[in-house]
Number of protein chains: 2
Amino acid sequence: MKFLIIGGDAAGMSAASRAKRRSPDLEVTVLEKTGDVSYSACGMPYNIAAPGKEIEALVVRQARVFREKQGIDVKTGYFARAIDPVDRLVSGTTADGTAFEYAYDRLLLATGGTPLVPDLPGFDLPGVHVLKSLDDGRRIKAFIKTNNVKKVVIIGMGYIGLEMCEALRALSIEVAMVKPGPVFLPWLAKELADTVREEVLSHDVDLHAGHSVEKIEASESRLKVLCRGLALDADMVLVAMGLKPGSELAQAAGLRTGVNETIAVNRSLLTSDANIYAAGDCADAYHIVTGEKTWIPLALRANRAGWAVADNVCGEKVELDGIAGTAVFKAFDLEVARVGLTVTEAEQAGFHPESVSVKTRSRAHAHPGSKPIQVHMIGDKKSGRLLGVQMVGREGVAHRINAPAVALHARMTVSRFSQTDLAYAPPFGPTWDPLLTAANQLLKKM
Amino acid sequence: MKFLIIGGDAAGMSAASRAKRRSPDLEVTVLEKTGDVSYSACGMPYNIAAPGKEIEALVVRQARVFREKQGIDVKTGYFARAIDPVDRLVSGTTADGTAFEYAYDRLLLATGGTPLVPDLPGFDLPGVHVLKSLDDGRRIKAFIKTNNVKKVVIIGMGYIGLEMCEALRALSIEVAMVKPGPVFLPWLAKELADTVREEVLSHDVDLHAGHSVEKIEASESRLKVLCRGLALDADMVLVAMGLKPGSELAQAAGLRTGVNETIAVNRSLLTSDANIYAAGDCADAYHIVTGEKTWIPLALRANRAGWAVADNVCGEKVELDGIAGTAVFKAFDLEVARVGLTVTEAEQAGFHPESVSVKTRSRAHAHPGSKPIQVHMIGDKKSGRLLGVQMVGREGVAHRINAPAVALHARMTVSRFSQTDLAYAPPFGPTWDPLLTAANQLLKKM
């Protein structure tokens, strides 16, 4: 049986490896348009912050190893351009322009996401970058090195923008960030977002929220980012405005699409075609809180979905629970995490949200080195259910968020969550964990 | 209504504060045998490690503040000696020997635990200490300061022994630890316990497991701890062999006792007498995994149970879920955590345990500063349920343990836990969290 995979990053290579391991007779072929497979995309900002380190350090396994050790036919530089779902064929062109065609019994679309780049003048100028593929990372590292970059403008203030901001500041590069929306981190409660904002500002970053970029101009050897009433000079521009799902191929083949033009899949990752699966940033997922389809493209889901596709292709019926939207990122010395719904998302999903923000400490009363931790917790007044949690602090945030993540999977009420037995020792938290204090406060309001 | 409380630490003062806040007309009286109320007992090792810091820094709220600001009649130096449950009277003597008697409508026994001290020669010598009350901490600090302590023998190798070992080493005091059982940290899987053992040894601590202490002798101005075939010199001895519940008063009053001679309470913390509650280290609890009674005396439960008693005394019917035995402690640069059952405990409870130990990393592939994390996970082959988790590592352990704690409260299977959406970012973990890797591996064996 022929198992063909389009896309050789997290979802694609997870599926390829697992399928070949489970069913050694399976013919597994991966078509990857870039020259790289199986790398840690999320590690790129940290790699860029370390000029002495090769970007290749992020490669988890080389294409060659997949071929030689695992018997997976990995084709890099193979751009899939069309799917024929009736005859089960994928056609395309290689990097040197040669046409190819592959037949499949089962196909996996692991086409990932594409950075959003507005159709405005100057976004194609040299020195204007996005950060998605390993090649993007390579180009950025080379550009910084070659062009003596002193100042960067980042368009966008999401995870990647902020991680890159930190990376560039670590290189002593000046950074200005700009975005059209007026609110910094709108998915965080205001008091938590303010803490992150202050942290970013304290690292001498200029933040310009509420400015739509109109164009980028080249001026002498530099760039100028022009917004209404604002002009920002830069040696380099990073466009970090978010992703769109890579669903063009699927759409052209007539597959059903879901939220945000993702490829719609069921709990077994099957698309509307019984022979075609989709996994990773290109596909939608069920949200465990709402039970509805959502699109939150993150690495764990991509890996997990890749495995589930492999299991299904190998004849085991596997369904995935769904996602909680658990996410964490580092913003300079702060850990910022979220899980579940925001108040706005909860309202949109038909809940009756009540929320509370508490500020407690990362360690016990009187323990040295204690830092503030802020917790924002959201519950449903009608059902009592826990709906979401956000946290910001200098320590103790990144892994704490997993407790409410599990609680959301279990559809716990705030009341039951408030009764959970969370660990305590003076170096690691107060007797009442910040999450329990938040739950206790929220219960009073609900 | 008169609400009388015996014991002024975590459970007692939590109950007193909450009851008085909820029902300002309630007459709340606390009888505390020592001179201290409401202090962080768990913080004592860290305070002892800091000679410049007063032990009073651990007092959360002074008795005076409870009296003057909260209207709670706190009596320190009041030793309750008998309960008359028929006439609802508590009698005893004050520090200066005066007899007292208090009537109650509702009584809370928050009598805590007492350090286990064997009935052997020399355990009452000057320089032989236990660490439970703030006075114990005070005495130890003073003894170290006054006696130019260069070497300490700790009898026992549990949490408190190890925390004190770290504290003493921070003061450059030589430490030897001795205990009768042959296995270091028997509640940890061997491969995890070995890591902790090596960490302790690497800090120049002598460990003598498998040696029963026979007596302590005074020799010149020093002490000698004598075991069969082993003699250890010391300037000071710390007896850290565990606790026994402070249930003598309750037993003498004819109240029902539970496991380990604890005071037996129902989910509302009521004893076998309808007017007497018990909370904190003196009382038993339901274990959320087995559903059976257990005794795991820890601070969060004491505080929570104190609150629940207050709510019940104030007329709201409150029941507690039970405990998962979630615990964390620091052993030099290691974080050590556990939740739920060990394999042995699981067998004893009638489960069919399967377990796995994995060693993964605390940060992403290629991320600098990554450290090993060991996870031991236990599941029930028959029901598929998650039963327990243990973790050891230099970072990322203390709060990670809360995710399986919540899963145990939700009675999740290992399979469902393996599907939970846990946070990922390169500085904080691999894409597959160490807990998920453990769950995936355990599933293969189950």
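1. Among contacts in chain A (heavy atoms within 4.5 Å) between residues at least 6 apart in sequence, 63% join residues at least 24 apart. This is a predicted model, in which local features need pLDDT of at least 70 and side-chain atom pairs count only at pLDDT 80 or more, while totals for chains, interfaces and linings use all residues. Residues are numbered from 1 along each chain as its sequence is written, chains are lettered from A and ligands numbered from 1 in the order in which they are written, and side-chain values use heavy atoms, with hydrogens and water left out.

2. The secondary structure of chain A comes to 12 helices and 25 strands, taken as DSSP runs numbered from the N terminus (helices H or I, at least four residues; strands E, at least two). With a radius of gyration of 23 Å, close to the 22 Å that the globule rule gives for 446 residues, chain A is as compact as a globular protein of that length; the radius is taken over C-alpha atoms, and the rule is 2.2 Å times the number of residues to the power 0.38. The C-alpha trace of chain A spans about 65 × 60 × 40 Å along its principal axes, and 59% of the 446 residues are buried (under 20% relative accessible area, with exposed over 50% and partly exposed in between, for a 1.4 Å probe and protein chains only).

3. Between the chains, the axes of α10(A) and α10(B), each covering residues 402-409, come within 7 Å and cross at roughly 25°, where axes are lines fitted to C-alpha atoms, for helices over the stretch in contact, and angles run from 0 to 180 degrees between N-to-C directions. That makes α10(A) roughly parallel to α10(B) (angles under 35 degrees; over 145 is roughly antiparallel, 65 to 115 roughly perpendicular and the rest oblique). Asn402, Ala403, Val406 and Ala407 of each chain make the contact, and these residues divide into six nonpolar, two polar and no charged; Ala, Val, Leu, Ile, Met, Phe, Trp, Tyr, Cys and Pro count as nonpolar, Asp, Glu, Lys and Arg as charged, and the others, Gly among them, as polar.

4. Helix α10(B) is mostly covered, eight of its eight residues being buried. The cover includes α10 and α11 (414-418) of chain A, together with β22 (334-340), β25 (386-393), α11 (414-418) and α12 (434-445) of chain B. Just after α10(B), B:Arg411 takes a positive phi of about 50°.

5. Within chain B, the axes of α1 (residues 10-22) and α8 (residues 299-313) come within 7 Å and cross at roughly 35°. The residues of this contact divide into seven nonpolar, three polar and three charged, including B:Arg18 and B:Arg22 in α1(B) and B:Asp311 in α8(B).

6. Two loop positions in chain A may be set side by side. A:Ile323, in the loop between α8 (299-313) and β21 (327-331), counts as buried at 5% relative accessibility; leaving aside neighbours within four places in sequence, its contacts include A:Tyr286, A:Arg301 and, from chain B, B:Asp421. A:Gly210, in the loop between β12 (205-209) and β13 (213-219), counts as partly exposed at 39%, and touches A:Lys179, A:Pro180, A:Gly181 and A:Pro182, not counting residues up to four places away in sequence.
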